Amino acid sequence: MLKVAARCDLACDYCYVYESVDQSWRHRPHFIAPSTVAAAAERIAEHAERHRLARVRVILHGGEPLLAGPARLRDIVERLRAALGDRLELGLQTNGVLLTEDLCDLFVEQGVRVGVSLDGDAAAHDRHRRRADGRGSHAEVRRALEMLRRPEYRAAYAGLLCTVDLANDPVAVYDALVREQPPAVDFLLPHANWDRPPSRPGGGATPYAQWLLAVHRRWVETGRPVGIRLLDSLRTTLGGGMSGTEAVGLSPAALVVIESDGSFEQVDALKTAFDGAPATGRSVFADTVDDVAGHPLIAVRQIGLAGLCATCRSCPVVRHCGGGHFAHRYGDGHFDNPSAYCADLQALIGGLLPRPPGLDPALLDDLGTGYGTPAAVVRLALVHSSFVRAYLAALGPRAERDPLAAPAWSLLRAVDREHPAAVRAVLAHPFVRTWAADASGSGRGLAQLAGLAAAAALRAGVTAELTVPVHKGLVVLPSLGVVAAEPGAAVARLHIDHGAVAGDPVWQRPHEVTAAGRTLVLDDVDPYRDCFGVPVTGRLTAAEARSWAGRLDDALGWAAERIPQYLPGLEAALRVVVPLRPDPGGGLRSATARSAFGAVAVAPAPDAPSLATLLVHEVQHVKLGAVMDACDLFDRADPRRVAVPWRKDRRPIEGALHGCYAFAAVADVWRHRSGPAAREQFERYRGWVGRTVEQLLTGGGLTAGGVRFVERLRATLAGW
Ligand code: SF4
Ligand code: SF4
C-alpha cells in the first residue's frame, strides 16, 4: 500500500487515519516525492525478484490519493511499471469526490483498478463521509461511479468498500451498493479494540453479526449478483480454502504500507491502537521488505494458528475467523487477545456454517420417548442428507479451482439436475459424509469428489469420462463398491458408458443380504468404513457373508417380534452393517460414528437376542447423533462432567446423554425378555439411566430443548 497523499479533502468522523490516537500524518509530506517513489519501486522490485513473485499488487492510497493530481499519479504509475513490468497489479482506493475523465483515461491506459468508498444510500453515506464544513459527499461519489460505469472506463472500476454502521439498514445499504453495479464489494467492520470497544447502541450481544447476516440473506435472495469479499472469504474458509482478506482467516499477512515519507509501516488500521502502533522503524531508503517482514508484529501474522492467543487457538471456528482483524485484538497494551468483535465473528460464522433443517418440538418429544415414530426417524435421515449437501456446497468453491475436482463437481451438478434420484442414492451412503466432513475440515481428499460423481453417473446411466483418485489401490465409488486400480497408480481414468464402467473393471461390491424381509448392505469394501475406531474385517468369503446374512435375519426377526417399537429406527437408521473383527477378549463389540448415519459396525454375537440388542443399542446412538446435529441439547462450551454408573470416570454431558439414550433401549430389550436374569438386567440398566437422567436434569448443562428431551425419556422410564 503506497501512501501517495497524506491529506484528504473529506473529514469523515470515523477515519482511522486522522481521527485515531496515532497522529503521525501531521509530520508526513502532503505528497510522496518522486525520489521516494523511485526508492519504493526499487525495494518492491528487489523483493519480487528475490522471492520470484509472479504478481505484486500495489494499491495507491492516502489520505485521498486523487489529491496528488493526474501528473503526479502518472509519474508514480510509470515509475512502478518501469521497475516491476508485467508482474505489477495496480489499484487505487479513493473517496471518489475528485475523480475526473482525465484521471479515468489515465487509469484505463495504465491498468489501474479503482475502488471507491461508499456506505450506502445518501442518508447512510453522509452520516460519516462529510467535508470539514459538514457537507456530505454522496452526490459526488455517485457522479464518480456513473463515470466508472461508462463502457470506456468500466475496466478501471474495481468495486466498492463499505464501512458497517448499525444505524443504517443492512438491506437498504446492500441494495444501494448493488445499484452501482460494482464488480466487487467489501464490508469493513468499524475499527475498534478492547480499549475502545465497538459501539453496540441497542445493547445486543452480536449486532454486527446480525447486520452482516441480514446482508448475507439479501445477497443469497438476490442470487449473489456481486462478490462480497468478507462473505466470500468466510465461505472459502468453510470449504477449507484460504481467506482473501486480512479481516478473517489464517492466511499469512501479505501487506506492508509505505508512507509518503518512505517509512515502512504495518497495516494502517493499527493507528487505532496507540500512537506509533503501525511504525516499524524501517524505511525504503535503508531497509528491504524482508527486514520489515521480520518485525515481530508482522512475523506473528505469518505463522497462522501459532500467532494467536490461547483463547483463539482453542476456538472451534478459529480456522475461519483467524482471530479477526489484527488491529481489533489490541487491549491492555498488547495484541495477544481475541478480537474485540469475537462474539460477532462467532455468530457470523455460526450463521454461515452448514445448517441442518432443524427438528420441530413435536418430533423432539417423539424421539425423546426413546423410540421414535417412522416420521420422526425419517426426518433424522433428512437431517443427515442436508448435512452432506451443505458440506458439498461448502466444498464447491474449492472444487472449482482444483484441476481434478472441477470436472467432477460440474458432472455431479449436471447429474443432480437431470437424475436427482441417482445423486440422492450416492449421498445417502453413510460414509459420504465421513469423507465430506474430513475434506471440509482438513482440506484433504477433495479429489474424491470424482468418486462421488462417477458413482452418480453410473447410477444415472449416463456416459462420462473423468479422472478419479486411487485410495489404497482402489477407486472408491460410494454406494456401489470399489474397482481395482493399476498397481501403484495415484489416479485412474474412468470411462463410463451408459451407466457401466468401460473396459474390464475388477469390481468388489458390498454384499446385499435379506434380513427379516428387508435388504441390508453388508459392507466389507468401502475404505471409509474404518471411521468407527475399531478393527473392521477384510473382504468376507461367500460362506462368511451367508453366515452374516443368517445372523442378521435371526436378530432382526427376533426384534420384530419382541421389540417392534424399535423397528422404525432400525428401518431408517440401519441400512449398512459393517462386520467387525471379534473382540480378542471374547466380549461383545459394536460401534457407530456420528458422521455415518445409517451404518452400524458389529462383531458376531453369540445369539439372535444379543445381536439384536447390540443393533438396537447402536441405532440409538445413530438416532441421537442426528438429533444433536439438528438441535443443541446442551451447551457445548460447558466443561462440566457427569458421574455415570457405567464408568469410573465422569463423562462430558454429550457422553452422558448418549449413554442414557442407548442404555434405556437396552433396559427395554431386557424388559421384553423373560426370567429372573432378564429382570435383573432390566433393573440394572433402568437404574443406570434413571440416576443419570436426574443428574443431567439437575446439573444445569442442558438447553431448554435438552431438558424437554431428557424429561420425555424420564417419562418413558416411569411408564415401564
Ligand atoms: S475519505 Fe478516507 S482518508 Fe479521507 S477522511 Fe474519509 S475515511 Fe479518512
Ligand atoms: S471467534 Fe473469537 S475466539 Fe474464535 S478465533 Fe475469532 S476472535 Fe478468536
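Predicted model: local features only at pLDDT ≥ 70, side-chain atom pairs only at ≥ 80, totals over all residues.

1. Ser479 takes a positive phi near 80° in the hairpin formed by strand 12 and strand 13, where three residues lie between the strands.

2. Within the pairing, Leu474 stands opposite Ala484 of strand 13.

3. Which strand pairs with strand 13 over two bridges? The partner is strand 16 (residues 507-508), again in the antiparallel sense. Here Val483 has Trp507 of strand 16 as its bridge partner.

4. Two packed helices are described by the angle between their axes and by the distance between the axes. For helix 16 (residues 405-418) and helix 19 (residues 449-460), the angle is about 35° and the axes are 8 Å apart. The crossing of helix 16 past helix 19 is left-handed.

5. Which residues make the contact between these helices? Helix 16 contributes Ala405, Ala408, Trp409, Leu411, Leu412 and Val415, and these meet Leu449, Ala450, Leu452, Ala453, Ala456, Ala457 and Ala460 of helix 19. By class, this contact comprises 13 nonpolar residues, with no polar and no charged ones.

6. The surroundings of ligand 1 consist of Cys8, Leu10, Cys12, Cys15, Tyr18, Gly63, Asn95 and Arg129. Sorted by class, this shell has five nonpolar residues, two polar and one charged.

7. Around ligand 2 are Cys312, Cys315, Val317, Val318, Cys321, Gly323, Pro338, Ser339, Cys342 and Gln346. Seven residues of this shell are nonpolar and three are polar, while no charged residue is present. Helix 12 (318-321) and helix 13 (342-352) each provide at least two residues of the shell.

8. Finally, the chain as a whole. There are 25 helices and 23 strands, and the C-alpha atoms fill a box of roughly 95 × 65 × 45 Å along the principal axes. Of the 720 residues in the chain, 54% are buried. Among contacts in the chain with a separation of 6 or more, 69% are between residues 24 or more positions apart.

Methods:
Residues numbered from 1 in each chain as written. Chains lettered and ligands numbered in written order. Heavy atoms only, no water. Near = heavy atom within 4 Å. Helix = DSSP H or I, 4+ residues; strand = E, 2+ residues; numbered from the N terminus. Nonpolar A, V, L, I, M, F, W, Y, C, P; charged D, E, K, R; others polar. Axes fitted to C-alpha atoms, helices over the stretch in contact; angles between N-to-C directions. Left-handed = near helix turned anticlockwise from the far one by under 90°. Contact = heavy atoms within 4.5 Å. Pairing = 2+ DSSP bridges. Buried < 20%, exposed > 50% of the residue type's maximum accessible area, 1.4 Å probe, protein only.
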